[in-house]
Structure formats: structure tokens, C-alpha cells
Amino acid sequence: MTNVSSKFGVFLAPHRDDVTRKAHAVAADELGYGAVWLGTGRNSVGDLALVEEILAATERITVATAIVNMWVDEPETLAASYHRLAGRYGKRLLLGIGVGHPESVTGYRSPYAKIVDYLDRLDAAGVPAEARVLAALGDRVLKLAAERTAGAHPYLVPVTHTRHARAILGAGKLLAPEHKVVVDDDPVAARAIGRPYVRTPYLSLSNYVNNLLRHGYTEADVAGGGSDRLIDDLVLHGTPEIVAKGLLSHVDAGADHVAVQVLGPSPEVELANQRRLAEVLL
């Protein structure tokens, strides 16, 4: 298993600029989180420039891409960047890779074949299986993650998916789901913050919607901005203690590590709540 040293890490999404994300990553390292997961969106990140900056600015935390889009960055480019950094930082570097969404990629086709080809080319370029994880939701890709990588990094999943994913992955493979949180004990205010991050774009992306429908939600739950039940399950909210209890449910269901995406009205609030959660989780 990769060197992810704690049950909890921080997921830093690209809606915040890189200067902010670097500062939050440094804070996560100091607070004792086990990994920082750098959301990439649709951007090309094959040069791993931000990853390198954060590795250089931190001492022990694992820095993971979440995720390198296989349609955007060529595996040979990613492999060259991996080798540039691996000698210096070793297992602190983790490549999260995935095939993205059909709605966001022109020419999207045969996604499973694309993943297999990408992994084959990473193998040929000398990137070890234990240095990479797959963004996996469905059973076929979860099985591939178990066979060809260190494990899986599912995004926007409820605890029921984590339990199912562990059964598919088997023992000894990293399972590191992402989960959004709002540290606010007013449910109306918390949903107002969290719902936009679920609705746009994920409730218009077929792979996420279909996954939610497979794991206990209805068409009504995923319509519009999502039902309160769906939002409450996907964006935990409450006091730090209540949020921590919800995150630990993933661990109880078989996760090795949870990538916690703290949402708030500003970067300053998000960082403060990252600290408050650390006091409870770590």
C-alpha cells in the first residue's frame, strides 16, 4: 500500500487558486493529515508543477493528483514528471488518474480500453503500480484498480459505495473516497453552501448520477439541485464532532483513508475548519 500515513487527508479543489491550495496543503502537513489530494478539473497537469511546489514546501504529507485526466495528459509526459520527482520524494508522490466524464471530453469513447492502454503505457514508462490509484466508481474499473494499481479514489460517493467498493477491491488495496463537509450546525445554511458543489457539475454527469442510482438514491433525489437527503449524505454538516462521526463511517465501511473536502464561504473559513476538524479527527 502507498505511504498514506493517516486515515484522513484534505482534498483541495480547483475552485481555489494554486497559491491558496499550496497554503492549505502546508497547513494540512503541519496539522498531521496524511495526504493532500489536488483536484485538477479539466486542466492539463502532466508537468506536476503544483505537486512539485507542494512536495518542496512540506515535510511528510503524501501529495496526490485527483485526478490526472487520461484524455488531457499523455502517459509518457506524466511518467517523465513522476520520475523527476520520485527520486527526491519517493512514496510521498501518488498519481491519481482517471478517464473523466463523457460530457466534458470531445471524442470520449471506449473508456475502459482507454484506461487499460494508459496503464500499459505507464508500465512501459516504468511507473510502478503502487505509485498510482484509479478514480473508480463502477465494478469493472474498481476491479481494474485492484489488479493494476495501488487502489481506488472514488469521488462523490456515499458510505454505501465505500462498503461495496471494499468488497470489490479486496483486502490490501487502498480505498480513499473523497467526502465534502461543511462545519456548520445550521442545516439550512450548510446545505446552501454544499448543494452548489454537488449540483454543478455532478448532477448533470451521467457517471456520477448512475453511480448514485446504483447505491440507494432515486431519480427524485438526483433531480434539480438534489434532495436534502442526497445533499446531507454527500456533504456532511454539523459541529466538528458530528462531521467526524460521519467521516468515520467511511472507515467503518472499509475505507483506509478519507479525502476531506472542506467547503466554506471563503478560503479563510475553509482553513479554519480544516484546523477544527484536525483537532477531532487526528
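Arg16 and Glu270 are both buried (buried means under 20% relative accessible area, exposed over 50% and partly exposed in between, with a 1.4 Å probe and protein chains only). The model is predicted, so local features need pLDDT of at least 70 and side-chain atom pairs count only at pLDDT 80 or more, while totals for chains, interfaces and linings use all residues. Residues are numbered from 1 along each chain as its sequence is written, and side-chain values use heavy atoms, with hydrogens and water left out.

**First stop: Arg16 and Glu270.** Select this pair; a salt bridge joins them, with the closest N and O atoms 3.0 Å apart. A salt bridge is a side-chain nitrogen of Lys or Arg within 4 Å of a carboxyl oxygen of Asp or Glu. Arg16 sits in the loop between S1 and H1, and Glu270 in helix H12, 254 residues apart. Helices (H or I, at least four residues) and strands (E, at least two) are DSSP runs, numbered from the N terminus.

**Second stop: helix H12.** Select residues 267-281. Which residues of H12 are buried? They are Pro267, Glu270, Asn273, Gln274, Leu277, Ala278 and Leu281. Seen down the axis of H12, these buried residues fall within an arc of 150°, so they line one face of the helix; the arc is that of the directions from the helix axis to the C-beta atoms. An α-helix has 3.6 residues a turn, so residues three or four places apart point the same way. On the other side of H12, Glu268 and Glu279 are exposed. The cover over the buried residues includes strand S1 (8-12), helix H1 (18-31) and helix H11 (240-252).

Move to helix H1, where Asp29 is found. Asp29 counts as buried, because its relative accessibility is 9%. Leaving aside residues up to four places away in sequence, Asp29 touches Thr58, Glu59, Arg60 and Ile61 (contact means heavy atoms within 4.5 Å).

The side chains of Arg121 and Glu74 form a salt bridge, at 2.8 Å from N to O. Arg121 is in helix H4 (residues 111-124), whereas Glu74 is in the loop between strand S4 (68-69) and helix H3 (75-89).

**Last stop: Arg148 and Asp120.** Here the salt bridge has an N to O distance of 2.9 Å. Arg148 lies in helix H5 (residues 139-148) and Asp120 in helix H4, so the pair ties together parts that are 28 residues apart in sequence.

How values were computed: The expected span of a helix is 1.5 Å times one less than its number of residues.
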